[in-house]
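Let's learn to read a structure one feature at a time.

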Amino acid sequence: MDIPHLTNILSSTFDPNLREEAEKTLNEIHKHPGFLSLLLQVVMSNDVQIPVRQSGVIYLKNMIVQYWKERDPSELADTSAAFVIVEQDKATIRENIVEAVIHAPELIRIQLTVCVSQILRHDFPDKWPGVINKVNGFLAENSQGTWMGALLTLYQIVKKYEFKKPEERQFLHNIMQVLLPQLYARVVALIEDSSEMSVEIQKQILKIFFALIQYVLPLELITTDFGKWMQVFQTVASRDVPPVALEGDEEELARLPWWKAKKWALHILCRLFERYGTPGSITKEYEEFSEYYCKHFAVSVTQILLRVLDQYRRKVFVAPRVLQQTINYLKNGVSNSLHWKIMKPHIQAIIQEVVFPLMCYTEEDDELWQEDPYEFIRVKYDIFEDFVSPVTAAATLLHTVVSKRKQVLDPTMVFCVHVLNLPPEQRDPRQKDGALHMIGTLADVLLKRKMYKVQLENMLVQHVYPEFKSSLGYLRARACWVLHSFGDITFKEERNLATAVNSARICLTEDTDPPVIVEAAIALQFLIEKQEGSKKYIEPHVRPIILQLLKVIRETENDDLTGVMQKLISTYGHQEQVASIAIDIARDLASTFVQLLDGEDSDEKAVTAMGILNTLETMLNVMEGSKAIVLQLEQVVISLIAKVLELSVMEFYEDILSIICTCTCFEISQSMWAVFYMLYEAFQRDAFDYFAEMMPCLHNYITVDTPAFLANSKNLEIIYNMCKKMLTDSSAAEDQQCNAAKLLEVTILQCHGQIDQWLPFYIEAALERLTREVKESELRTMCLQVAIAGLIYNTPLLLSILDKLHFPNTNETVTAQFFSHWVSDYDCFFGIHDRKMFVLGFCALMDLPKQMRPQALLQCSPQILPALLVLFQGLKRAYENRGEGEGENEDDEEGASDEDELASDEDEINEDDIQYIENLAKKAADHLDDEDDVEDEETALENFTTSVDNEETDEYIAFRNSLQALQANDPEWYSALTSVLTEEQGNSLQEVLVLAEQKRASLESRRIEQQGGYMFTNMAVPSTFNFGQ
């Protein structure tokens, strides 16, 4: 095979008549040694046509992504996938790929950069230390042509360490100690050169610097030359762009390197100030830096950014991301007195001439609304868009400055009200949209100020309600948005609340513009949540509202609307008019879910689909009183469960498992038993990692309808196979294995006396796990509890099983090992259930006839009662903690103070953040030091209740009865157990016995009361501003 031959094969993939044969040939040869090296030569060859080189580089990238990493064949289901690129080819690629990146055209360079990233991920620094010398060498050359490829490679190196902890970044810092001065020299040499290639290189250097400081600021690395670097960032941010970057299509302009370089310079300035340079909001290690930063750069940076805003104010093009970063920096500067001093004289001009225009409905908005209203909805509700949107940045700046600085709110509101009160002929309707947008953004601030709060209802009536009938869709949508922004105001006039609800309802059910319908639905949700009186106005129309909502969810695939549906179902689901269409609603939602599942993947669609599953679960909960409807709803959700499992759509596994849990909480239909077998098939196929999430469902299947569970012997085998797989698979985490042991314990206790034939298998699976390394005490405890459950199930049978078990690499009997581990690990039994099991297990052994007690148990006699007394002390605390937890009330929330504004010379000290960051480790350490608190908390696995977790099975009473019986029937062993007790331990034993008697009397009293012996009668215990001007 040579370059022309491989080139010909790649070329053939473009010919429909030759493609199949060419792809077959590639599949046959791609694993041959030398193939990858040859493929890189084809990609680098200027004699090969660009489309063929593109095809080759994509094939190369896919090979490296899939086959570069060393893999353990035993971990792979498909052994053919264990192929790894041979070291000879790897060495060739590593030796030549940086040069390939340097000399490749842009389209090919992009794919080669991905290859570099993958190789660095697996081979750097151990197997590819030479890449640093290459980068350094190419940067040192006096040729711009080599710099970009070297910088792209260096960027990938820095990205590898970008999110590492400080202690894991030292190798990177050592590298940058050498290369950072080199980068500075290059950017300074280029900064006066405004050519496109020069600015591209500058941009790449800025990206490297940002990745270096994004999460950790290496003070020892940058302190010496920081002032020089700041000069670079400020120069790039402030310099003029060439005329070619100011005229033309704005989306195309924003992609030009001059604007991208500005964006990255501002990105760095924002990050430096926000994370490391804001006094009062950073950790101690950056305090000195923050003071230095504000003292030396607050004035100059703020002045530069004000000039950027002035450019926008003068209608000169500013790239959206540059504008957004500029506003974000100034928003952070509001809280700092040095920055605020520069901003304050200009703040009203910024609000009125920058923020206000940004918050108005624009030509671009209108174009998108008219051409694709569904895309308009997606953009407006996309949280990721918010991170890059100048509009969101403007709204955040407005809210921040109004809430944190004095004498800003009043002039801002005067401006907004002036716009609202302009005669229609003097005002662009878009300006009213902007004013309402600003007022709605300040809703929480206005609701705290009495002067404004008393006028808000009048503002809605006078300026918002009329827009529900506007001929302009965007104003109708804005009216709905403002309504939900002020959804929790107190209406003085009932008719105004009625108007609000009916207006939103009509917009939802009768409007023809999808964005209006979406806003109306969300407004209704807020009104239902915040205005109790609104429910009666919605109730007569709930059926058409829900039907319209279903239609809109299907058309828009908007995840916010599934929340509206959940609220409507949970509020009105009990009504006949909703119950009568519940099945149709569920089928409609299911149809939309399948539509989403079959469509193209996207984060938005995934969130919407999850919302649909959550809504269906809400319906099941709300309708639980109507068995006939629930059974039909189950059929709908089962079809979705089957589809998700069949297609292995793992991102929805947790959601469907939650639904299965809901469907099996109180009763398990025959259809839901079919789902049990689907779960097992999924577990065997690809749901192994979701075993912990399956636990609530599996627990329900065992405990909710135990007779049905036992009716099919296959079910016990399924539980065994799943747990055995979890306990023996080396890839399973110990917390997952704890769940498996817990499930075995639950099954043994729940199926008392009915699974004798399976008990040996369950016990062996748990105890065999203890023969291998166990890192966490919880897993050891859980495995021991499986055997303890066996003692409670049938003590003689369990002892017989232990006698027959034999594990390799030990001469000690399993019985002796079990009792030794159990008694010595008494301090690893936490919570209530685990301690209760410890006690009940020894009660079962005390109740054994003398001749049946194993010698291994008798050898542990001196340790048993002291261990039990420690357990009882822990139980007492745990019960007290449980009682305190149930009696706790939520803290009363008080409204935020109106007096939270800062004077002009004040800095905001974010004490909560500082204390949280600095004291987090201390609090964690304190918590860990207070062992009693940790041990007495109920463990997560206690949520999976067993047949012993009830008041009728009281461990104190059981212990008292067993100990008294032992004293009468076997005084010799009783003496062996008690004679070792110290005086203090003897007193503790008496306290346990007294408490046991009290519990017995209390339990007897409750039994008598339940039988009608006691009757108690419950006694009641008596308990200046006007929006219109």
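Q: Let's start with helix packing. What is the handedness of the crossing of α44 and α46?
A: First, keep in mind that this is a predicted model. The crossing of α44 and α46 is right-handed.

Q: At what angle do the two helices α44 and α46 pack, and how far apart are their axes?
A: Helix α44 covers residues 759-769 and helix α46 covers residues 795-804; they pack at about 55°, and their axes lie 10 Å apart. Angles from 65 to 115 degrees would count as roughly perpendicular and those under 35 as roughly parallel, so α44 is oblique to α46.

Q: Which residues of α44 and α46 meet?
A: From α44 come L759, P760, I763 and L767, and from α46 come L797, L798, I801 and L802. Sorted by class, this contact of α44 with α46 holds 8 nonpolar residues, no polar ones and no charged ones.

Q: How do α46 and α47 pack?
A: Helix α47 spans residues 814-824, and its angle with α46 is about 120°, with the axes 7 Å apart. Here L799, L802 and D803 of α46 meet V814, T815, F818 and F819 of α47. By class, that contact has 5 nonpolar, 1 polar and 1 charged residues.

Q: Stepping back, how many helices and strands does the protein have?
A: The count is 55 helices and 0 strands. The C-alpha trace spans about 105 × 85 × 65 Å along its principal axes.

Q: What share of the 1029 residues is buried?
A: Buried residues make up 52% of them. As a general idea, nonpolar side chains in soluble globular proteins tend to be buried together. In this structure, the largest nonpolar core has 355 residues, and those with the most contacts inside it are L112, M176, L272, Y293 and F959. Helix α14, residues 257-276, gives the most to this core, with 12 residues.

Q: Which residues is L272 in contact with, leaving aside its neighbours within four places in sequence?
A: They are I213, L217, F226, M230, F233, G277, F289 and Y293.

Q: Is V839 buried or exposed?
A: Under 20% relative accessible area counts as buried, so V839, at 0%, is buried. V839 sits in helix α48, residues 833-846. Beyond residues up to four places away in sequence, V839 touches L868, F872, L875, E955 and F959. The C-alpha atoms of V839 and Y956 are separated by 8.3 Å, with the two residues 117 apart along the chain.

Q: Now the backbone: which residues does a cis peptide bond join?
A: The bond joins F124 and P125, and its omega is about 5°. P125 is found in the loop between α6 (106-123) and α7 (130-140).

Q: What is the phi of K315, and where is K315 placed?
A: K315 has a positive phi of about 65°, although K315 is not a glycine. Its place is the loop between α15 (287-313) and α16 (320-333). Over 50% relative accessible area counts as exposed, so K315, at 72%, is exposed.

Q: What about S648: what is its phi, and where is its place?
A: S648 is a residue other than glycine with a positive phi, near 55°. S648 belongs to the loop between α37 (627-647) and α38 (653-663). With a relative accessible area of 25%, S648 is partly exposed.

Key
Residues are numbered from 1 along each chain as its sequence is written. This is a predicted model: local features need pLDDT of at least 70, side-chain atom pairs count only at pLDDT 80 or more; totals for chains, interfaces and linings use all residues. Side-chain values use heavy atoms; hydrogens and water are left out. Axes are lines fitted to C-alpha atoms, for helices over the stretch in contact, and angles run from 0 to 180 degrees between N-to-C directions. Helices (H or I, at least four residues) and strands (E, at least two) are DSSP runs, numbered from the N terminus. Angles under 35 degrees count as roughly parallel, over 145 as roughly antiparallel, 65 to 115 as roughly perpendicular and the rest as oblique. A crossing is left-handed if the near helix is turned anticlockwise from the far one by less than a right angle, and right-handed if clockwise. Contact means heavy atoms within 4.5 Å. Ala, Val, Leu, Ile, Met, Phe, Trp, Tyr, Cys and Pro count as nonpolar, Asp, Glu, Lys and Arg as charged, and the others, Gly among them, as polar. A nonpolar core is a set of buried Ala, Val, Leu, Ile, Met, Phe, Trp, Tyr and Cys residues joined through side-chain atoms within 4.5 Å. Buried means under 20% relative accessible area, exposed over 50%, partly exposed in between (1.4 Å probe, protein chains only).
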